[in-house]
Amino acid sequence: MRLIAIPLPPNLPVRWTKIHTKRVAALGAMTTQKQRSSYLKKHGSWGRLKKWLSNASGYKCWYCEAKSTRASFDVDHFRPKLGVTVNGVLLEGHAGYYWLAYEWSNFRLACQRCNRPENSETDNLHGKANEFPIQDEAHRCKSSAGLLASELPKLLDPCLQADCALLADGIDGEVKPAASIGTWEFERAKYTIERLGFNEWNTPESKRSAWQTLALLIAAVGMNTNQDVIDELKKYLSNDHEYSSFYRSAIGTHRDKAWVEALL
Ligand SMILES: [Zn+2]
């Protein structure tokens with residue numbers, strides 16, 4: 001997970017401000033969950049920001065860094081817009097963070113693996129869906145008057161550097177918690193890795209396979225420098241390269257070579 005800096009470049013699509021104002025006003029006038037649900041299902045205007053959100057990450061999923069070339073991205077609402085579940089159980093008395101439904105600061109570009117639920121017969125195995133646990137339910141915001149900063153979400157947020165730092169990339173291609181076991185930070189990382197399935201669907205294997213080729217190139221060059229190899233490694237280190245966090249970590253194991261150190 002690499003930091004997606006917010007505020008994003010202030011080049012929101014031209015019509016967005018107008019659409020946002022209209023949608024927020026309409027939603028604000030509604031008093032029942034049924035009305036809101038029906039309205040939000042009909043007016044998924046956040047899809048218009050998909051390209052804008054994609055540009056911020058070089059067309060990578062903000063959570064897992066996959067490029068998702070054969071499936072379109074989703075615009076995930078970090079705080080779910082129509083009801084919240086914790087461990088698959090709908091929170092009673094919470095209508096979702098509907099007042100954030102059209103706020104771009106609540107949008108996260110997500111691949112379908114990260115965003116959509118993958119269910120077995122008895123359980124939701126992976127996928128964020130409407131899951132949004134926080135550290136202490138007593139601090140849960142139920143309306144726009146609540147203080148979001150007091151919530152302490154369990155899911156790591158790619159828009160926060162401190163959250164990105166809680167994940168480490170192993171040379172085996174697996175994403176692991178960076179904090180010590182037994183800490184809240186460890187629990188958050190573990191939860192995010194498992195819920196979003198970072199180490200599922202052969203993802204570690206595909207990272208390892210690409211890394212083997214790079215490792216051979218680095219070994220062939222040794223302590224010397226070779227511009228072609230440097231250029232190749234730079235592509236993998238670039239923010240917009242798929243899984244660049246992993247490659248940065250893997251290439252970092254060759255810091256003993258001055259030319260590698262200079263790249264990082
Ligand atoms: Zn993803």
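Two residues are in contact if their C-beta atoms, placed from the backbone, lie within 7 Å. This tour concerns a predicted model, in which local features need pLDDT of at least 70 and side-chain atom pairs count only at pLDDT 80 or more, while totals for chains, interfaces and linings use all residues. Residues are numbered from 1 along each chain as its sequence is written.

**Stop 1: the two domains**

Colour residues 16-195 as domain 1 and residues 203-263 as domain 2; such bounds come from an automatic or database domain assignment. The centres of the two domains, taken over C-alpha atoms, are separated by 32 Å. At the boundary, 11 residues of domain 1 are in contact with 14 residues of domain 2. The side of domain 1 that touches domain 2 comprises 3 nonpolar, 2 polar and 6 charged residues. For these classes, Ala, Val, Leu, Ile, Met, Phe, Trp, Tyr, Cys and Pro count as nonpolar, Asp, Glu, Lys and Arg as charged, and the others, Gly among them, as polar.

**Stop 2: Asn-202**

Select Asn-202 next, in the loop between helix H6 (184-195) and helix H7 (203-221). Helices (H or I, at least four residues) and strands (E, at least two) are DSSP runs, numbered from the N terminus. The phi angle of Asn-202 is near 60°, a positive value in a residue other than glycine. Asn-202 is exposed, with 11 other C-beta atoms within 10 Å. On this scale a residue is buried if 20 or more other C-beta atoms lie within 10 Å of its own, exposed if 12 or fewer, and partly exposed in between, with C-beta atoms placed from the backbone.

**Stop 3: helices H8 and H9**

Display helix H8 (residues 227-237) together with helix H9 (residues 244-251); their axes come within 8 Å and cross at roughly 135°. The axes are lines fitted to C-alpha atoms, for helices over the stretch in contact, and angles run from 0 to 180 degrees between N-to-C directions. H8 and H9 are therefore oblique to each other. Angles under 35 degrees count as roughly parallel, over 145 as roughly antiparallel, 65 to 115 as roughly perpendicular and the rest as oblique. To view the contact, show Leu-233, Tyr-236 and Leu-237 of H8 with Ser-244, Tyr-247, Arg-248 and Ile-251 of H9. By class, this contact of H8 with H9 has 5 nonpolar, 1 polar and 1 charged residues.

**Stop 4: Asp-240**

Asp-240 is in the loop between H8 and H9. It counts as partly exposed, with 14 C-beta neighbours inside 10 Å. Which residues is Asp-240 in contact with, leaving aside its neighbours within four places in sequence? They are Gly-58, Tyr-59 and Lys-60. From C-alpha to C-alpha, Asp-240 and Gly-58 are 4.3 Å apart in space, although 182 residues apart in sequence.

**Stop 5: strands E1 and E4**

Turn to strand E1 (residues 74-77) and E4, which run antiparallel and are joined by 4 bridges. Two strands pair if DSSP finds at least two bridges between them. The bridge partner of Val-75 in E4 is Leu-109, and that of Asp-76 is Arg-108.

In a regular strand the side chains alternate between the two faces of the sheet. In E1, Asp-74 and Asp-76 lie on one side and Val-75 and His-77 on the other, and all are buried. Strand E4 (residues 107-110) is likewise covered on both faces, with Phe-107 and Leu-109 on one side, Arg-108 and Ala-110 on the other, and all of them buried.

**Stop 6**

Select Leu-125 in strand E6. With 13 C-beta neighbours inside 10 Å, Leu-125 counts as partly exposed. Leaving aside its neighbours within four places in sequence, Leu-125 is in contact with Glu-118, Asn-119 and Ser-120.

Continue to Leu-152, in the loop between strand E6 (124-126) and helix H5 (161-164). Its phi is near 50°, a positive value in a residue other than glycine. Leu-152 is exposed, with 12 other C-beta atoms within 10 Å.

**Stop 7: Pro-177**

Finish at Pro-177 in strand E8 (residues 175-177). Is Pro-177 buried or exposed? Pro-177 is buried, with 20 other C-beta atoms within 10 Å. Leaving aside its neighbours within four places in sequence, Pro-177 is in contact with Leu-166, Phe-186, Ala-189 and Lys-190. Pro-177 and Leu-125 are 19 Å apart, C-alpha to C-alpha, and 52 residues apart in sequence.
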